[in-house]
Amino acid sequence: MTDVHPARLILTDVSYTVGAATLLQGVSLAVQPGEVLVLVGPNGAGKSTLMNVISGDLAPTSGTVTLDGRAIGSYRPNELALRRAVLPQQSLLQFAFTVREVVEMGRAPHDDTAEELRAHVERALERTEMALFADRVYPSLSGGEKARAQLGRVLAQETPLLLLDEPTASLDIRHQQHVMHLAQDVAAEGGSVVAVIHDLNLAASTAHRIALLHRGRIVSDGAPWVVMDEQLLSEVYQCPIAVSKHPILNCPLVLPLGRNGSTVT
Amino acid sequence: MLRFARGLIFALLMAALLPLGTLVATAHDGPHDATPVPATPTLPVTVTDANGQQVTVTDVSRIIALNGATAEIIWDLGLGQNLAGVDVTATYPPEIADVPKIGFGRQLSAEGIISLDPTVVIGDTTAGPPEVLDQIRQAGIPVVLYDQFTDLNAPYEKIDAIAAALGVSEAGDALKAKVQGEYDSAIALAKTATSHPRVLFLYIRGTSTLLIGGEGSGADTIIDAAGGIDAGTEAGVKGFAPITAEALVTAAPDVILVMTGGLQSIGGIDGLMQIPGVAETPAGQNGAILEYEDQYLLGLGPRLGEMLTELTYDLHPELERPATPEATPGA
Amino acid sequence: MISAGALLDRRRRATRSRSAASTRRVPASLLLPFLVALLLVAIVLAAGIGAVRVGPMQIMGIVLHHLGLTTDIAFTRQQDAVVWAIRIPRVLLATMVGAALAISGAVLQGIFRNPLADPSIIGVSSGAAFGAVSAIVIGATPFGLMTTPVAAFVGGIITTLVVWSLSRRNGRVDTVTLILVGIALNSMIGAGMGMLNYMADDEQLRSVVFWSMGSLGGATWRNDLAILPLIALGLIVLPRKARELNLLVLGEREARHLGVDVDRTRFLMIVVVALTTAAAVAFAGIIGFVGLIVPHLIRLVAGPDHRVLLPASALAGATLLVLTDLLARTIVSPLELPIGIVTSLLGAPFFLFLLLRTRWQHGVM
């Protein structure tokens, strides 16, 4: 029986071991077109490793990763570049490229005419609110501006699958929301987004689905209401957490309880 | 950065070496002959040079000498006024100090040499690079290279080669005879010596190159000929070996022989005495340090006989020096 | 009294606001033709000036004569030799070596994402030096006059390959590892050269010193034609990798994600750089700073896009070396300054300036 919407990305029983350390164990995951999947979990849970496996940078020690029906390892680099784009945690760019040039690099896997190139780049700049910064040189930007420039590049790549590794880390609250709304737009257009987010409330309010990682395993995978379980979160994060209903949005509200359930003072 | 530092040091070294020639004065560099009579060459002349090539020389009015010994011999043959260019090692006689310098003989500049408008270029086979010599030949300038001669017959062989190439074989013969005469009297003098001092030759080039000369150093045959005993060879050193305090004490030389350039590079006699082991040798304790100018000692040129005579006197105090002004070292 | 810290802050802020203004870059459509014209002018100047006086008419007459056209312009055999056998091959060598070193420097700065890289980082310069010094000190001449250049070439290539293989792990080469292995190997080779210098006699030492100071004096038509294929290889192949280099500068992982076969591309570029640089060094000796400084200058003027940077660096490097060589062989005529000294004397202060400027712009490096 075939699905009406075949999953874009399928991980089956993926494990990743390096030396004596098992970073991922028995991870199975499916990502559909049109959904935003957010990976959450404490530090060291394996989120980055999982992202590396999903992007094809790391080959799992066991298990399979399938992208668009083919094993991810079977794609050549430029074929892969047309199917998935990766926004890294940090960027090392030291050379004085302009923001526009950085975004243009996202079009590298495509064969654009000059017109098409311009159009795609302009669109990406607008979506990331970086149009005014287009001619600024990258090294002169602030951390948040750099992050948005890189996001512009990744959006310009226009791939069905978008992987965002902590895209909101250096952004203010407005831009954090903005990024996640962009992710939702991408999903609405038929794409898939997998993002690693630390902020549990941001995840709860913007994700279609959440996968909670704990010590290399997925301990919960589903809609935000399902995953944001008080007891589970407290256990996984090793600190008292309460979960309530958001007073305005239809999503859970995650409330850390401090020491002994009291406030800070 | 390191590359730059090295580069700068070598640039300074090169700049320093250029005037070094004129600082030779204090050391032994031989008595001073009057200007030789100008020779009249018989031209044209065709010789076979060291590379087996036939070279025809038609004009010797502007000669370029590619090393110091060549320049000196050309001067002694009476063609000194014809020198149009010499390499930087040409430091003797002082009269040629004003002749334009063409750089180091191993690293010549084709256009620079051609711009001096030479009629013949002459040197030994160490001259180079070969491409530059070819380019000079291509400009129609004859280039004569003679072999590198390294034994005590070298002066005669060099004189022969140079005189033949410049068409002054008669003057060449006369010069050879003079040199032979001086050489013979030096050897005879050495034979009358009763002492046989142990002489250690030290090859020094700055504080990073401190070597003892032994068998085959070039100085060994000279020390022998002057009636001394080469302490390095006796100690079993082949070629050159690094100076060590032990080696110095074992060799126990009565006299230490150094070259002027080397001695200056470590700060003179004081610097030499600071090398561990030197002060403990008989030579060090008696202050028996002999300093000879580089070209004079090892150049194997026309002054070989003069130099051996002087060295023989220096090594054997029991021999009486003749009281003529010529015998005193140049000031 | 202003504290040093406040002064640094002020300078940092000033720099930021300076570079905050939109970039003023010279467009490629202007820069490249300008550099070509500049190079041609330099070549003509260099062919016309030297220790021997040759008038421009005679130069033309000589060149046309050798191209098979007879004119009634008179020139002496000496002038003919000077222009055709000495100056023109020399100017051509300067052009090839300058272009090779500059484009190699630009490529390596991109591969290593480090504006301070130059061809010596992969070991090719020290390897070539070791090869040449070995040939000089050992003294055997199995290839006749070509022995030293061949030894230099082989030394450069072998060293690069050793650096590369030592940096491989699981078929991948990490950039930082490559740099560190390069440093280690350069040290080892330095020690080896020290040993060779120790063994060398006076005359050999002089040859070694001169080789390591660089010289274009050995330029002949035959030597030029010998290295032309390898230089041409570099000048043709490397600019075609400009797009990949732009992506590599973004980051290795990012480049991979954008479809670049990072390992294969890097390997290819390093091999071509090694071949081109070793060929240049084989006949010219060590000429420093060209590979480091020229790409920087171009970047300041035209930005970091390698599609402009690579060809512009090649042109500018060629021009720089042609003019520097002109200076080196005329300033103390009839002597010649070793060209490596001239480029170091000019390049080192400029390098220092660049270094400090980078510090100011980025705060602490």
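This section describes the chain contacts, domain packing, sheets and backbone features of a predicted model.

Two contacts made by chain C were examined. In the contact between chain C and chain B, 30 residues of chain C meet 30 residues of chain B. On the chain C side, at least two residues each are supplied by helix 4 (77–111), helix 8 (202–213) and helix 15 (339–362) of chain C. This side of chain C comprises 14 nonpolar, 11 polar and five charged residues. The contact between chain C and chain A takes 23 residues from chain C and 24 residues from chain A. Here helix 1 (4–20), helix 10 (242–250) and helix 11 (252–257) of chain C each contribute at least two residues to the side of chain C that touches chain A. Helix 10 of chain C provides the largest share of that side, with five residues. By class, the side of chain C that touches chain A has seven nonpolar, eight polar and eight charged residues.

Chain B consists of domain 1, spanning residues 31–187, and domain 2, spanning residues 194–327. The centres of the two domains of chain B, taken over C-alpha atoms, are 29 Å apart. Their contact involves 22 residues from domain 1 of chain B and 15 residues from domain 2 of chain B. Within domain 1 of chain B, helix 2 (68–79), helix 5 (154–165) and helix 6 (169–191) of chain B each supply at least two residues of the side that touches domain 2 of chain B. The largest share, seven residues, belongs to helix 6 of chain B. The side of domain 1 of chain B that touches domain 2 of chain B contains 14 nonpolar, four polar and four charged residues.

Helix 2 and helix 5 of chain B also pack against each other, at an angle of about 65° and with their axes 10 Å apart. Helix 2 of chain B is therefore roughly perpendicular to helix 5 of chain B, and the crossing of these two helices is right-handed. The residues making this contact are Ala69(B), Thr70(B), Ile73(B), Ile74(B) and Leu77(B) of helix 2 of chain B, together with Lys158(B), Ile159(B), Ile162(B) and Ala163(B) of helix 5 of chain B. Seven of these residues are nonpolar, one is polar and one is charged.

Chain A contains an open sheet of six strands in the order 6-7-8-3-9-10, with mixed pairing. Strand 6 (84–87) and strand 10 (217–222) of chain A form the edges; each has a single partner strand, so one side of each has no neighbour in the sheet. From one strand to the next, the twist averages 15°. Strand 7 (residues 161–165) and strand 8 (residues 192–196) of chain A are paired in the parallel sense over five bridges, with Leu161(A) opposite Ser192(A) in strand 8 of chain A. Helix 1 (residues 47–55) of chain A packs on the sheet, where it touches strand 3 (36–40), strand 6, strand 7, strand 8 and strand 9 (209–214) of chain A. The direction of helix 1 of chain A makes about 155° with that of strand 7 of chain A. Helix 6 (residues 173–188) of chain A lies across strand 3, strand 7 and strand 8 of chain A, and runs at about 155° to strand 8 of chain A.

In chain B, strand 7 (residues 198–205) and strand 8 (residues 209–213) run antiparallel and are joined by five bridges. Arg205(B) has Thr209(B) of strand 8 of chain B as its bridge partner. The hairpin of these strands has three residues between them, and Gly206(B) takes a positive phi near 75° there. Strand 8 of chain B is also joined by three bridges to strand 10 (residues 240–242) of chain B, in an antiparallel arrangement. In this pairing, Ile212(B) stands opposite Ala241(B) of strand 10 of chain B.

Further backbone features occur in loops. Most residues other than glycine have a negative phi, and most peptide bonds are trans. Tyr92(B) and Pro93(B) are joined by a cis peptide bond with omega of about -5°; Pro93(B) is placed in the loop between strand 4 (83–86) and helix 3 (110–115) of chain B. The peptide bond from Gly128(B) to Pro129(B) is likewise cis, with omega near 0°, and Pro129(B) is found in the loop between strand 5 (120–124) and helix 4 (130–138) of chain B. Glu129(A), although not a glycine, has a positive phi of about 55°. Glu129(A) belongs to the loop between helix 4 (114–127) and helix 5 (143–156) of chain A.

Terms used. Residues numbered from 1 in each chain as written. Chains lettered and ligands numbered in written order. Predicted model: local features only at pLDDT ≥ 70, side-chain atom pairs only at ≥ 80, totals over all residues. Contact = placed C-beta atoms within 7 Å. Helix = DSSP H or I, 4+ residues; strand = E, 2+ residues; numbered from the N terminus. Nonpolar A, V, L, I, M, F, W, Y, C, P; charged D, E, K, R; others polar. Domains from an automatic or database assignment. Axes fitted to C-alpha atoms, helices over the stretch in contact; angles between N-to-C directions. Parallel < 35°, antiparallel > 145°, perpendicular 65-115°, else oblique. Left-handed = near helix turned anticlockwise from the far one by under 90°. Pairing = 2+ DSSP bridges.
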